Amino acid sequence: MNARQRRLFEDAHKKNPHLKVPELQPVTNWTEADLALIKQGVGDKSTRPASAQGFSAGSDESTGEEVGSVVTYFGEKGFGFLRPEGGGRDVFFHISRLSEGQATDLVPGTKVAYALGMDRTGKMAAATVRILPADSAPKESAKS
């Protein structure tokens, strides 16, 4: 029991003196999926397989992908921010979530598709990021 749990138990014990600490049995049947989640961090569940999240692989609607563009990218630090196409708050992303494309293509204005998830601290972040082909981005008119 860590210090926070002990403090919470002591506070609860003051309200109910008959409260007892539950006996926890050690887990002996860990699956590979359980171990993978533990290795990646307790708060980050965004890289679970699509079947575990209730999504089926395929179109953008089924994967929950959104379209946006890169606002800033700090190559030396490996993170940046995306701006949703429909507006709203900028979304944090880390280079480790880039599934398709090159890190060198992450310049401001680059169109990307991303799925929202949580980072290991529980904050909203991009779970997957893929750079969209240049022909899917709207073309700007040539300046004279």
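Which side chain meets Glu65 in a salt bridge? Let's start there, everyone, and keep in mind that what you see above is a predicted model. The partner is Arg130, and the N to O distance is 2.8 Å. Glu65 belongs to strand 1 while Arg130 belongs to strand 6, so this pair ties together parts of the chain that are 65 residues apart in sequence.

Let me stay with charges for a moment. Side chains of opposite charge can pair when their charged atoms come close. In this model, the count of salt bridges is three.

Another of them joins Arg83 to Asp90, with the closest N and O atoms 2.9 Å apart. How open are these two residues? Arg83 has 41% relative accessibility, so Arg83 counts as partly exposed. Asp90 is partly exposed as well, at 33%.

Then we have Lys111 and Glu85, whose closest N and O atoms are 3.6 Å apart. Lys111 sits in strand 5 and Glu85 in the loop between strand 2 and strand 3, so to speak two distant parts of the chain, 26 residues apart. Now, is Lys111 buried or exposed? Lys111 is buried, with a relative accessible area of 19%, and the cut-off for buried is under 20%. Glu85, on the other hand, is exposed, with a relative accessible area of 54%.

Lys111 brings us to strand 5, which covers residues 111–118. Six of its eight residues are buried, so strand 5 is largely enclosed by the rest of the structure. Who are its neighbours? Strand 1 pairs with strand 5 in the antiparallel sense, over five bridges. If you want a place to look, find Ser69, which stands opposite Lys111.

Strand 5 also pairs with strand 6, residues 124–131. Those two run antiparallel and are joined by seven bridges. Here you can pick out Gly117 in your viewer, with Ala125 in strand 6 as its bridge partner. Strand 5 and strand 6 form a hairpin, with five residues between them. In that turn, Gly122 has a positive phi of about 90 degrees.

Now for the rings. A pair of aromatic rings is described by the distance of the centres and the angle of the planes. How many aromatic pairs does the structure hold? There are five, and I'll walk you through two of them.

Take Tyr73 and Phe93. Their ring centres are 5.9 Å apart and their planes stand at 15 degrees, so the pair is stacked. Tyr73 lies in strand 1 (residues 65–74) and Phe93 in strand 3 (residues 91–94), so the pair ties together parts that are 20 residues apart in sequence. Both Tyr73 and Phe93 are buried.

Compare that with Phe79 and Phe81. Here the ring centres are 6.3 Å apart and the planes are at 90 degrees, so the pair is edge-to-face. Phe79 counts as partly exposed, at 22% relative accessibility. Phe81 is partly exposed too, at 29%.

To close, let me go back to strand 1. That strand carries Glu65, the salt-bridge partner of Arg130 in strand 6. Strand 1 also holds Tyr73, whose ring pairs with Phe93, and it lines up antiparallel with strand 5.

Conventions
Residues numbered from 1 in each chain as written. Predicted model: local features only at pLDDT ≥ 70, side-chain atom pairs only at ≥ 80, totals over all residues. Heavy atoms only, no water. Phe/Tyr/Trp six-rings, centres within 6.5 Å; stacked < 30°, edge-to-face > 60°. Helix = DSSP H or I, 4+ residues; strand = E, 2+ residues; numbered from the N terminus. Buried < 20%, exposed > 50% of the residue type's maximum accessible area, 1.4 Å probe, protein only. Pairing = 2+ DSSP bridges. Salt bridge = Lys/Arg side-chain N within 4 Å of Asp/Glu carboxyl O.
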